[in-house]
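Please look over the sequence and the fold below before reading on.

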Amino acid sequence: MKNNLLKRIAAAALAAATILTCAPTTAMAAAPDTGSVTITKYDGNNQGYEEYGGEQTVQPGNNLLSHVKFAYAEVGERVQINTGDTYEMMYTLKDGVASVLGSPDANHTDNGVNYYRQETLQTALGQKKDDAIKYVKDNKETTEQETAESTGQVKFENLALDKLYLFAETDATGAKNAATGDKVNITRVSAPFLVSLPFTGKDGNQLYDLKVYPKNATGQETIDKKIVEDDKEVTETQANIGDKINYKVTYSVPVSEYGLTKLVVTDTMGKGLTFDDIVEIKNGDRVVDNQNYKVSAPVVSGTDTTITITFTEAYLDSLEKPSTQSFTITYGATVNNDAVLGQTGNKNEVYVTYQNKGDTEHDTDHKETKVFTYGIDLWKTGENNANLSDVEFTLTKGTDAVSAVPVKVKEVTDSNEKTFYVTDNNADSNTVKTNAEGKIYIRGLEAGTYFLTETKTNAGYVLLKNPVKIVIEQTNSKTGVASATVDGKNTTMKEDSLNQGSTTAEVPLTVVNHKGFDLPATGGAGTALFTIAGIVIVAVAAALLFMRKKSQK
């Protein structure tokens with residue numbers, strides 16, 4: 001009886017040990033009912049994605065990308081079949097999916113059902129990237145989800161097991177650098193990929209939560225505009241009316257794998273600039289033939305004039321895909337009579353519009369340059385502040401009055417019947433003359449030292465002994481703010497009389513003439529009396545002499 005009791009205790013202990021041993025084993029072996037796919041998005045130089053399965057760190061030198069949209073569609077099912085010789089895992093496809101993949105040859109057919117191995121579907125997918133992306137867009141299981149700020153990740157959960165899913169990047173137009181928030185231009189979207197859960201990882205274990213790392217090829221968008229002066233490039237300069245300004249626009253645009261369909265350069269000039277001509281357009285080091293682009297006629301809107309340079313579709317189609325294409329455009333414009341004086345400046349703005357196939361239009365940043373010019377507002381007065389008209393001066397420029405060179409000008413009249421002088425190297429004279437109000441308006445002077453020498457004045461007035469020295473100094477080359485002195489004394493510059501908004505546009509100058517001393521003038525009344533008296537005396541003397549001679553006879 002004792003032996004039976006011991007046997008029962010031992011059996012009970014063994015049963016308890018068996019239960020305790022099996023309990024954790026059963027918990028560890030329990031498989032989840034669903035799986036998930038976590039996508040970490042970053043840029044890269046080649047198409048596709050890194051081998052997926054386990055944890056992976058994004059490659060050094062690449063950037064995580066946020067705001068890239070993904071979606072998936074269920075396209076088939078994983079099944080185990082008996083081919084007659086072997087048992088293996090294959091995939092069936094939903095109706096219509098095979099044609100999207102280019103109708104690959106089935107690896108096995110049974111009762112009219114086609115079965116495909118994984119490598120067969122993977123190869124077919126690699127050749128039909130665009131069709132696969134479109135299929136996902138049209139048949140997505142859920143709404144698109146986009147990669148998150150900072151992490152560049154998006155996670156799809158509750159995916160049924162043993163189903164075949166096609167994942168695709170559906171929209172990368174809003175892509176940003178996840179770390180900085182800067183816009184990123186996608187030239188080639190990542191390749192779609194197939195997933196069936198669970199997945200066997202690199203270590204041979206079953207994975208229910210996959211980590212996937214698709215990559216985008218990216219392109220650069222840049223734009224800059226400069227004024228070319230000899231051996232330097234600037235964004236602001238000063239000039240005379242009549243001077244030609246040389247501009248250089250450099251820009252780059254991303255060309256996607258589908259090709260660039262639109263490329264337009266828009267240049268808008270203020271009323272003070274007149275477009276001359278395109279000097280040259282280069283793509284990298286290659287000159288672009290003028291048959292590959294069209295320059296529009298200038299379009300005037302308000303006070304601005306706009307021209308566009310549109311590249312032909314045939315030329316755009318010839319560009320490398322995907323790539324970043326860099327261009328340089330050089331052209332000229334002339335400062336004209338409508339130039340705005342002072343710090344408002346004569347503006348010239350440019351931007352580029354481009355569009356890749358299947359994408360929306362993009363505008364680059366707007367880049368602006370300015371040309372500054374100034375003027376002189378002279379008032380000529382006489383006695384009692386009388387306006388002196390038709391008083392003439394010569395205008396010269398240089399370090400001193402003796403060596404100063406003529407500044408040639410021409411007289412023009414604006415639409416408001418206001419007459420003024422503008423600099424013009426092709427003019428015949430450097431003489432300016434006061435109008436009926438005693439005014440001389442000189443417009444379009446770059447900063448420098450000028451001399452006004454009075455050469456002719458009204459009758460009875462005395463000419464100025466010395467030239468008037470006017471110095472215009474640009475105190476801020478970026479804003480165009482200037483100061484002035486007249487004969488060494490500071491003077492307060494004022495707004496342009498034609499265009500308001502600039503407080504340092506013109507140098508105001510008042511020149512006063514005085515009459516000379518009163519002198520007996522030849523032909524005057526006093527001299528006439530003496531002359532008449534002399535004539536009478538001579539006549540009387542002659543008469544007396546004649547009478548005396550006659551009486552002696």
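This is a predicted model: local features need pLDDT of at least 70, side-chain atom pairs count only at pLDDT 80 or more; totals for chains, interfaces and linings use all residues.

Residues are numbered from 1 along each chain as its sequence is written, and side-chain values use heavy atoms, with hydrogens and water left out.

Gly-76 takes part in both pairings, with Leu-164 as its bridge partner in S11 and Leu-93 as its bridge partner in S6. S5 and S6 form a hairpin with 4 residues between them, and Gly-84 in that turn has a positive phi of about 110°.

Elsewhere, 6 strands form an open, antiparallel sheet in the order S19-S18-S21-S28-S23-S24. Strand S19 (232-234) and strand S24 (286-287) stand at the edges, and because each has a single partner strand, one side of each is left without a neighbour in the sheet. Within this sheet, strand S23 (residues 273-283) is joined to S28 by 9 antiparallel bridges, and Leu-273 stands opposite Val-335 in S28.

In soluble globular proteins, nonpolar side chains tend to be buried together. A nonpolar core is here a set of buried Ala, Val, Leu, Ile, Met, Phe, Trp, Tyr and Cys residues joined through side-chain atoms within 4.5 Å, buried meaning under 20% relative accessible area with a 1.4 Å probe and protein chains only. The largest such core has 42 residues, of which Val-37, Ile-39, Leu-93, Leu-121, Leu-166 and Phe-167 touch the most other members. Apart from it lies another core, of 41 residues, among them Tyr-247, Val-288, Leu-316 and Val-412.

A search of the whole structure finds 2 cavities of 30 Å³ or more; on a 1 Å grid over the protein atoms alone, a cavity is a set of points where a 1.4 Å probe fits but cannot get out, and a pocket is an open set with protein on both sides within 12 Å along at least five of seven lines, lining residues having an atom within 4 Å of a point. A volume is the space filled by probe spheres set on the points. The largest cavity, of about 40 Å³, has Leu-166 and Tyr-135 among its lining residues, and its lining divides into 7 nonpolar, no polar and no charged residues. The second largest cavity, also with about 40 Å³ of space, is lined by residues including Asp-267 and Tyr-331, and by class its lining has 7 nonpolar, no polar and 1 charged residues.

The largest pocket has a volume of about 540 Å³ and is lined by 26 residues, of which Val-189, Tyr-258, Lys-357, Gly-358 and Asp-359 lie nearest its centre. Its lining divides into 8 nonpolar, 8 polar and 10 charged residues, where Ala, Val, Leu, Ile, Met, Phe, Trp, Tyr, Cys and Pro count as nonpolar, Asp, Glu, Lys and Arg as charged, and the others as polar.

Methods. Buried means under 20% relative accessible area, exposed over 50%, partly exposed in between (1.4 Å probe, protein chains only). Two strands pair if DSSP finds at least two bridges between them. Helices (H or I, at least four residues) and strands (E, at least two) are DSSP runs, numbered from the N terminus.
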